[in-house]
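Have the structure open while you read.

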There are 2 protein chains.
Amino acid sequence: MYLLKNRILTDGKAINSEILKVDSFINHQIDSNLMKEIGKEFASHFRDKNISRVMTIESSGIAPALMTSLELNVPLVVLKKQTSKILNDDFYQTNVISFTKNTTYNLTLSKKYIKPDDHVLIIDDFLANGEAASGAAKLIEEAGAKVIGIGIVIEKSFQPGREKLDNLGFDVYSLARIKSLSEGKIEFLD
Amino acid sequence: MYLLKNRILTDGKAINSEILKVDSFINHQIDSNLMKEIGKEFASHFRDKNISRVMTIESSGIAPALMTSLELNVPLVVLKKQTSKILNDDFYQTNVISFTKNTTYNLTLSKKYIKPDDHVLIIDDFLANGEAASGAAKLIEEAGAKVIGIGIVIEKSFQPGREKLDNLGFDVYSLARIKSLSEGKIEFLD
């Protein structure tokens, strides 16, 4: 997506060879017009796939996922990061390790907001190790529903997430694929 | 806002006299079309106030705030809830007590995304004790900027937040004002 890649080159910052800072338009400050275009792009890519729900993980996936769900005219479900295990049968939960933040959390989905006939599109802002996206997919499949695709705003292609999701057989669509952040230089894969 | 109040009556649930559950369209599952209308309503109410930035608090304020910022064509800034104090000068921080969740956190705003000439509209999903909104206002005023208004999706008018924000002199606009949740019945103020 040209608009996004151009913005990453202009306003993004390679903090080191692993971390891309985009907090002026994606994370801390959000460019809502850019998010609208991102939503349109995901919606256009997955439009003929009968998506019935968009899912994301709180909190920085919410903005692109909301715009996508609006374009596709389907509900958005935000998976919660709980610190504790919920001890009742109303929720699906799975433990997720965040390598980036060096923490773990219980990704949580109410059984009320997923049905076996759902066709789900997962949207997230970053793909690094793929733990969050594969955790979300696990909960969706546990409910008997189908993961139709995974839409990623920024993929760090030099980290293992993309290969992991590909190997699990998911249709991954990333709007910007980062090949390298070495020596403060942002390089795209294509 | 008729559309919202009607939806609260249809799909909301008074769990007890203090807690209104709206997780089928506001929190866990989000109705993006309703959020768009909410954004339009806030934008229309504050349109002539020269708003330069919309601010909210992660994570359930993001959806209504994003739609508002899109309508007003200004950036959105999402204040982060940090567990730890940041020990450098790049951020404004204030400690906030969440009575609802019985926790505290450090509300955090990068100095890069607030300027003294900013006219800020704060948007949040719920107003209960007013701790989050008044914390956000404190950070904005610390930066020398102006809080032009506070837009709330659902105000629990029987809790002290509204009076607190009124007493601090803020222009508060709530789309649904809940008078009471007693005996499982949802009653509005007007």
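1. Asn73(B) counts as exposed, at 53% relative accessibility. The classes used here are buried for under 20% relative accessible area, exposed for over 50% and partly exposed in between, with a 1.4 Å probe and protein chains only. Asn73(B) sits in the loop between α3 and β5 (76-82) of chain B. Its backbone is worth a look too: phi is near 60 degrees, a positive value in a residue other than glycine.

2. Before going on, the ground rules. This is a predicted model, where local features need pLDDT of at least 70 and side-chain atom pairs count only at pLDDT 80 or more, while totals for chains, interfaces and linings use all residues; side-chain values use heavy atoms, with hydrogens and water left out. Residues are numbered from 1 along each chain as its sequence is written, and chains are lettered from A and ligands numbered from 1 in the order in which they are written.

3. Over in chain A, Asn50(A) also has a positive phi, about 55 degrees, although it is not a glycine. Asn50(A) belongs to the loop between α2 and β4 of chain A. Its relative accessible area is 60%, which puts Asn50(A) in the exposed class.

4. Now the overall build of chain A: five helices and 11 strands. Both are DSSP runs numbered from the N terminus, helices being H or I with at least four residues and strands E with at least two. The radius of gyration of chain A is 16 Å, close to the 16 Å that the globule rule gives for 190 residues, so the chain is as compact as a globular protein of that length. For the record, that radius is taken over C-alpha atoms, and the rule is 2.2 Å times the number of residues to the power 0.38. Along its principal axes, the C-alpha trace of chain A spans about 50 × 35 × 30 Å.

5. How much of chain A is buried? Of its 190 residues, 57% count as buried. The accessible surface of chain A comes to about 8400 Å², and 46% of this belongs to carbon and sulfur atoms. Areas come from the Shrake-Rupley method with a 1.4 Å probe, and for residues only the protein chains shown count as cover.

6. On contacts (heavy atoms within 4.5 Å): among those in chain A with a separation of 6 or more, 60% are between residues 24 or more positions apart.

7. Charges: chain A carries 24 positive and 25 negative side chains, and the centres of the two sets lie 2 Å apart. Lys and Arg count as positive, Asp and Glu as negative, with His and the chain ends not counted. Each charge is placed at NZ of Lys, CZ of Arg, CG of Asp or CD of Glu.

8. How many aromatic pairs are there over all chains? The count comes to four. The rule pairs rings of Phe, Tyr and Trp (its six-membered ring) with centres within 6.5 Å; planes under 30 degrees apart count as stacked, over 60 as edge-to-face and the rest as tilted. Phe46(A) and Tyr173(A) make an edge-to-face pair, 6.3 Å centre to centre with 75 degrees between the planes. Phe46(A) lies in helix α2 (residues 32-46) and Tyr173(A) in strand β10 (residues 172-180) of chain A, so the pair ties together parts 127 residues apart in sequence. Phe46(A) is buried at 0% relative accessible area, and Tyr173(A) is buried at 19%. Ring pairs also bring in Phe42(A), giving a cluster of Phe42(A), Phe46(A) and Tyr173(A).

9. In chain B, Phe46(B) and Tyr173(B) form an edge-to-face pair, with 6.3 Å between centres and 75 degrees between planes. Phe46(B) is buried at 0% relative accessibility, and Tyr173(B) is buried at 18%.

10. Two peptide bonds deserve a check. The one from Glu58(A) to Ser59(A) is cis, with omega near -5 degrees, and Ser59(A) falls in the loop between β4 (53-57) and α3 (62-72) of chain A. A cis bond also joins Glu58(B) and Ser59(B), with omega about -5 degrees.

11. Finally, which residues does Ser32(B) touch? Leaving aside neighbours within four places in sequence, Ser32(B) is in contact with Leu66(A), Ser69(A), Leu70(A) and Val74(A). Ser32(B) lies in helix α2 of chain B and is buried at 2% relative accessibility.
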